[in-house]
Amino acid sequence: MALASPQKTTPAPPGRSSRSVQRRRVRRNTLIGWSFILPNFIGFALFTLVPVGAAFALAFLEWDAASSPEWVGLDNFERMLDDENFQVALTNTLFYAGGHIPLTLVASLALALVLNRKIRGVKFFRTVAFFPYITSLVAVAVVWNMLFNPTSGPVNQGLEALGVSSTPGWTTDTDWAMPAVIITSVWRDMGYYMVLYLAGLQTIPAEYYEAARVDGANAWQRFWHVTLPGLRPTTFFVLVMLTVQSFKILDLIVVMTDGGPGRSTLVLAQLVYREGIRDGDYGYSSAIALVLFAIVLTITVVQFRLNERRDAR
Amino acid sequence: MRIPRTRGKAAGGPRHLIRGLGVLTALSLALTGCGSGGDSGDGDGKTKLRVSVWSMAETPEFQALFDAFEKSHPKVTIEPVDILADDYPDKVTTMLAGGDDTDVITVKNVTDYSRWSSRGQLADVTDAMPAGGEKDLAGLEAFDSDGSYYALPYRQDFWLLFYNKTLFDQAGVDYPEDLTWDEYVDVAEQLTEDGGDQVYGAYQHVWRSVVHAVAAAQNGGDQLSGDYDFFAEQYETALELQDSGSTLDFGTATAQQADYGTLFESGKAAMVPMGTWYAARLIEATQNGDTDVEWGMAPLPQRADATSTTTFGSPTSFGVNKKAANPDLAKEFVEFAAGERGAAAITEIGVVPALQSSELIQKYLSLDGMPTDKLSAKAFEPDEIALEMPVSENTSDVDTILEEEHELIMVGEKSIEDGISSMSDRVHDEVLD
């Protein structure tokens, strides 16, 4: 609207020159816009766009960074089908995502609901909940490793006190290492997503709740029919972020278990690093990265489609 | 949205803007640092030689070597590229892949050597061989690539048994002279004390070499062969120790990132099989008052049917980066470090040089703080030092598999038999075939 009004008041100049002025103006605005994004874009281009583009090409090459690359077509992808390490890493990554995404979603929503009330010291508790997110990841991993210590760790001591007879071996046990990592990562991330949910909760008009209450809806019904639908844009955003974050998990695993015991927590991003940087097989490593990218892209596109369909309803 | 008030200004806009953009581009290029290294000169006319090293503060040998080299080459300053020890192999691999021009690359172990040399990232340093090096440099054969050398060893560590004399005296047990592995387990059980003042009779560190390299050296097996039955006996020893509670169990040691030094120096472990580098650290810890443990060294325990003392070791070496800024000077440094003057410099601070003459060993054993008993001296003269891990293009891949399966056996997820058979299967499937 603001754009249209001045045009009406200026006397209309004759056809051709008006269009060129208009064009110049558009170009000028575009350039100004570019100049603002340029510093960021150069960094992005140099350190993200070019490497990502290169990865697409590298996936079809064999290259050890020292000699000249060799075209191998789809060999790298064929190799993946037979590679047990890739299968293990893919399963583990799916396991991690399958645990991390729903648990973080539920935990952060619950936290946000609890901390959205007018209770004494709510700011303090919100800060407490956000704290894990800003704590150094290495510190988090080291401390949780201690907590999960099978013999002298507080987690197992607590379980024993509750009467659990055979406590899990956590990071020393192939079956429990991944759950241990998931618990740690949920604890770390929930504060961040809680903040997003808190913001989402502020956008739901209080009148809806009042109306629901007048209609005799109980707390559960109000949550199910007012809060949750009102939070849908937030949930969608959180879900997409969580998906991307879960599939590219690397740091926490490297510090906490380094893929062990055995290969029980080996994830795709780690395999990419191992095959590429460490073993110098950049082609194969890029191919794995490409598959990882395709998985995340597919899931995200599906999520967007589902969201659009619901929006349309 | 505001519309420009005067047309004139609007017309001049784009030109300003384009100039502005140019400046901005230049600025951001400068900021993102497109400068390449390669400066070899210093303001004062000295040549700068860059050497990659790990955890320099805890590895005094580097400073000793650098000081000695700078003294004999007054026109050179050495600039260490200090990297955290744990990240060293990965970091240097990344540096080399990125075309870094650091001159001298310290090669921490033979696995890294095979990785970097097979990729052609190290320069040929065969002509930098110090006088008599072919004969006297211990561990040199590990660097022989078809008659050429891409790194030369300056230091050769080998494994022996460190023990706490006080704990042996208290328990009334003889010092560990000529132990077999079975006797070692028995002694460890005798020395173990449970309760609040937990003392472990032995501490076996989590590295797979404690099992694998010992087995390979003493049973004559080949860790790259894909056939690992020769590990079985050594695993039985390791698991027996663990099951009887005479050592800190593998899972806990990994989760707590247990430090063998802390355990031994605080008197919580009576025997620790470890490399000779630990002697230098112990001497320093004693001098700083960090430990008052009375320690001695003994030969590594042997198989029951052994007739000679066999241990394993790993040489540390210097190589020259193929893309070095000062390749000639870098070669000179490699020759210096592997040669007599380098050896003398590191012997002085308690590091075992690769250039092994009886003279240097004598000098080493008479260092201040080194145990003077006969057993310790005997520990320093093993009959054979096998290579910790053979070198080939497969070394690094096999290493990863053996490491993963080793963990599973040690935490009890797999039986010895299953673990060994999956090692064999995986090495065949993923590497050899």
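**Entry 1: second pocket**

I looked up the lining of the second largest pocket by class and found four nonpolar, 11 polar and 20 charged residues; Ala, Val, Leu, Ile, Met, Phe, Trp, Tyr, Cys and Pro count as nonpolar, Asp, Glu, Lys and Arg as charged, and the others, Gly among them, as polar. The model is predicted, so I note that local features need pLDDT of at least 70 and side-chain atom pairs count only at pLDDT 80 or more, whereas totals for chains, interfaces and linings use all residues. Residues are numbered from 1 along each chain as its sequence is written, chains are lettered from A and ligands numbered from 1 in the order in which they are written, and side-chain values use heavy atoms, with hydrogens and water left out.

I recorded a volume of about 1100 Å³ for the second largest pocket. The lining comprises 35 residues, and those closest to the centre of this pocket are A:Arg79, A:Glu275, A:Asp279, A:Asp281 and B:Asp397. A pocket is an open set of points on a 1 Å grid over the protein atoms alone, with protein on both sides within 12 Å along at least five of seven lines, and a cavity is a set where a 1.4 Å probe fits but cannot get out; lining residues have an atom within 4 Å of a point. Points are joined across faces, edges and corners, and a volume is the space filled by probe spheres set on them.

I then listed the helices (DSSP runs of H or I, at least four residues, numbered from the N terminus). At least two lining residues each come from α3 (75–82), α4 (84–114) and α13 (268–278) of chain A, and from α4 (110–118), α17 (395–410) and α18 (416–432) of chain B.

**Entry 2: domains of chain B**

I noted domain 1 (47–156 + 315–365) and domain 2 (158–312 + 387–432) in chain B, with bounds from an automatic or database domain assignment. Their C-alpha centres lie 28 Å apart. The contact (heavy atoms within 4.5 Å) takes 13 residues from domain 1 of chain B and 11 from domain 2 of chain B. Because both domains give residues to its lining, the second largest pocket lies between them.

**Entry 3: cavities**

I counted four cavities of 30 Å³ or more. The largest cavity has a volume of about 100 Å³. Its lining has 15 residues, with B:Gln204, B:His205, B:Gln242, B:Phe250 and B:Met410 nearest the centre. By class, I found nine nonpolar, five polar and one charged in the lining of the largest cavity.
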